[in-house]
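Subject: Structure handover

Dear colleague,

Please find below the structure that I promised to pass on to you. After it I have set out what was found, taking the ligands and a few parts of the chains in turn.

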Amino acid sequence: MIGNLDAKIPDGPLADKWTRHKDHSRLINPNNRRKFDIIIVGTGLAGGSAAATLGELGYRVKCFCYQDSPRRAHSIAAQGGINAAKNYQNDGDSVYRLFYDTIKGGDFRSREANVYRLAEVSVNIIDQCVAQGVPFAREYSGYLANRSFGGAQVSRTFYARGQTGQQLLLGCYSALCRQIAAGTVQMFPQTEMLDLVVLDGHAKGIVTRDLKTGKIDMYSGDAVVLATGGYGNVFYLSTNARGCNATAIHRAYKRGALFANPCFTQIHPTCIPQSGDYQSKLTLMSESLRNDGRVWVPKRKEDCAKAPNEIPESARDYYLERKYPSFGNLAPRDISSRAAKEVCDEGRGVGPGGRGVYLDFADAIKRLGQETIAERYGNLFEVYEKITGENAYEVPMRIYPAVHYTMGGLWVDYNLMSNVPGLFVIGEANFSDHGANRLGASALMQGLAVGYFVLPYTLPNYLAPQIGKRPETDHAAFKDAEREVRAKIDKLLLTSGDCSLDSIHRELGALLWDKCGMARNAAGLRETLGKIPALREKFWREVRVPGKGEDFNQSLERAGRVADFLEFAELMTTDALERDESCGAHFREEHQTPDGEALRNDDDFASVFAWEFQGNGQIEKPKLHREPLHFETVHLTQRSYK
Amino acid sequence: MNFKLKVWRQQDRQSPGKLIAYEARDISPNASFLEMLDVVNEQLTLRGESPIAFDSDCREGICGTCSLTVNGEAHGKDHPGAVCELYMRKFRDGETITIEPFRVGSFPIVKDLVVDRSALDRIVQAGGFISARAGSAPEANSILVPKHESDIAMEAAACIGCGACAAACPNASAMLFTSAKVSHLAHLPQGNPERESRVIKMVERMDAEGFGNCTNTYECEAVCPAEISASFIAKLNREYARAKFRRSVEE
Ligand SMILES: Cc1cc2nc3c(=O)[nH]c(=O)nc-3n(C[C@H](O)[C@H](O)[C@H](O)COP(=O)(O)OP(=O)(O)OC[C@H]3O[C@@H](n4cnc5c(N)ncnc54)[C@H](O)[C@@H]3O)c2cc1C
Ligand code: SF4
Ligand code: FES
């Protein structure tokens, strides 16, 4: 059983921890590296950079993704930028400040040591990306350009037009391609991990399904790295790609890995509002737009139906500027999202269903000219026009919050290893760096930091004594896992009711969005916990999954993911109920300051909630483990962006 | 809105395929083309018929997964944009819409509208990278890149790897795709040391994968969702000639 959670944070002053840890970490000599098989699931910034780097170091890497090419991982969609403490603008930035902003932005629910390391290696990421040929924006002088991003008062964000994630991922993909060509990385695209194999308590392999043929396979490795991204799609509608899922981390959870802070979900303030039921996803309008756009709604409900240009300046409420004068439109995401919900709840929202606020560029266009605005955000304006049919140079954009990022994920220690030895979890799939709220442009930073510069140092600590311990896939543990995977697929294919997959997933999403979204309360969460099992039963009773298992079968793929979401949703809701405080994106209505801000309870909740799966077969209440958070360097304060 | 669809159905690579007629009813003009197909698939499934296989992921034009030929045009008519960015308001009510996969010999059909584009990955694996070992990179601002050059590199780097260029090309050529990667790296000083070997290896791989030659019809540029300019093909040809020349001089 799991004893005390040891985060294995190195001793010494905060600023020296990582260097000292590296100095005392184990090394594996080059000749021995090729004796280790490393399984990496995921080719986003985290998995892709890890696979490329470990391959380059001489390990034998097997890398998996569900898309038809590693280049299509969801990281490709990130728009705004990546943070790094380069202080190229001479505006007072430093490693400490990036660290502090991230800790504060996360509302003091992340580990100091992890976050400090992230800020520290951030500078190397930019060097590495430039060397790879990532075409970051530049000034006329040829030097790199920066911009500021939500939650920060310095300009530390590097960007490549509105396609930063694409360019970083393509850099990483090209490094991966180089290793594939060199034979150090074996790539398995369109291959979905369906289970983790744990043998004598160690993660030693995975069970996969080839999505093109339906073939079930087993792979053994000396360590397994999950880099499978976030689980925002549990809400059905989110800004994530359609295929994003919780399957890999949920199965690992069911095999004993602890799941940390599952209720911490980031709702992004600037997305295009939903227009109808058929909608399959929501589209993000990069937060960088808030640098130049001003957010407002009419002061009076009666004006909401009017065209925005007919509403005079004096009748507009620039509510972010009013409530948060020092950060204004750049207030952090959780705060901006909640503020939007609040004004819409008051009946002052605009657009279909009154669920929208304006993001207005008129002033910026007047000040800087349309050309400059087009240069900065042109592609975003085009996207907006495609989707809504409206021209945002002329009428203000309408935006509304949407599920965007999941801070929760599998629990990992400082080495990024879960409580299951040999199972490493990186990128959005773990919980490690963003606390209860993530600052803009820091997920990309985390993904690359880990893959290029952290895992290569921490993985050998586990691997070194494991030499020669890799099992064959005919071991009973593999056969058992395989049998379970097959049984689940058979069960899914046996269903033949008259309910569609999407309708059940939509129902789950609507329930969570309503009760476990931007604002939560105990009654609503309890009600949800009552409803999820019923929905799960309905799924297994009434859903229809066509086709067969040994085939390219997209319905079956999705059915497996929805089945996992239906279990995972319960864990998320349980966590939201148990965390009886407000912090960051987790806003419990019972706990707010007189002016409606999140009210933390550091005495009782300055800890990570890590959940252990109980029971097999049916879902029992998971067991809670707490990892207390120790703040040695920063002072816990009420977050204020006023 | 209502539409009559004619959709290419094909069980797998070996089986013959054919166009089958379907109806799409009560579709919102604000639905995307893929959302329209979702609705059709939901109905097919509930009727006990097999849903239409088609690829997509990001559904916002950046991942390059979606790959449909709509009424004979790769990605449909709303250029520039991937088919996931095509909205039903662009069609006439009652219109007949023919949907086929990208038809390129080097992209074998997996099922229905889904094709295997791994040939594009192999072109990049042949040399579409800068060999920069993690850990050895110099300070980023020690490499200055004139804004103009960096902007051109970015324009080329914007390729989403969808393969529409090859699908639209009468010769099924992947020149636009290959030229985009070659040009991106050739416009940056970091790309210089491997400049010659890169272009030669990528072009050789492209030929080995069975893609056709470019005869300057510019259909690729017309359908490219990332607005990659066909002038990059000229750049590719120059790079290739330059590399070959240098090689011959060295030999
Ligand atoms: C629209 C959008 C814009 C964003 N913009 C920014 C931004 O500007 N700045 C920023 O810092 N962050 C941004 N983010 C967040 C950031 O993009 C993500 O958090 C980050 O890219 C996640 O990277 P990752 O490597 O952890 O996972 P991903 O990139 O999601 O990759 C997951 C990988 O896992 C694979 N996978 C998943 N499940 C399985 C399975 N069961 N079997 C096999 N393979 C599997 C997938 O195929 C994929 O390769 C944005 C996010 C969104 C949605
Ligand atoms: S060049 Fe254009 S059409 Fe061709 S693969 Fe790239 S984005 Fe697609
Ligand atoms: S689905 Fe990603 S580009 Fe169309």
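Please keep in mind while reading that this is a predicted model.

I begin with ligand 2, which has 13 residues around it, and of these B:C159, B:C162, B:G163, B:C165 and B:C224 come nearest. Two helices of chain B, α4 (164-168) and α5 (175-186), each supply at least two residues of this shell. Sorted by class, the shell around ligand 2 holds eleven nonpolar and two polar residues, while charged residues are absent from it.

Ligand 1 has 37 residues around it, and the nearest are A:Q67, A:S75, A:M193, A:E428 and A:L444. One of these, A:E428, places a polar side-chain atom 2.6 Å from an oxygen atom of the ligand. The backbone also takes part: an N or O backbone atom of A:T43 is 2.8 Å from an oxygen atom of ligand 1, and a polar backbone atom of A:A46 lies 3.0 Å from an oxygen atom of ligand 1.

Leaving aside residues up to four places away in sequence, B:D116 touches A:K212, B:S106, B:F107, B:P108 and B:V110.

Chain B also contains an open sheet of five strands with mixed pairing, in the order β2-β1-β5-β3-β4. Its edges are β2 (18-24) and β4 (73-74), each of which has a single partner strand, so one side of each is left without a neighbour in the sheet. Strand β1 (residues 3-9) pairs with β2(B) in the antiparallel sense over seven bridges, and within this pairing B:L5 has B:Y22 as its bridge partner.

Finally, in chain A, helix α6 (residues 164-182) has 19 residues and reaches 27 Å from its first C-alpha to its last, close to the 27 Å expected at 1.5 Å a residue. Of those 19 residues, 17 are buried, so α6(A) is largely enclosed by the rest of the structure. The helix is followed by A:G183, which has a positive phi, near 85°.

With best wishes

Notes:
Residues numbered from 1 in each chain as written. Chains lettered and ligands numbered in written order. Predicted model: local features only at pLDDT ≥ 70, side-chain atom pairs only at ≥ 80, totals over all residues. Heavy atoms only, no water. Near = heavy atom within 4 Å. Helix = DSSP H or I, 4+ residues; strand = E, 2+ residues; numbered from the N terminus. Nonpolar A, V, L, I, M, F, W, Y, C, P; charged D, E, K, R; others polar. Contact = heavy atoms within 4.5 Å. Pairing = 2+ DSSP bridges. Expected span 1.5 Å × (residues − 1). Buried < 20%, exposed > 50% of the residue type's maximum accessible area, 1.4 Å probe, protein only. Polar contact = N/O pair within 3.5 Å; in protein donor to acceptor, adjacent residues only side chain to side chain.
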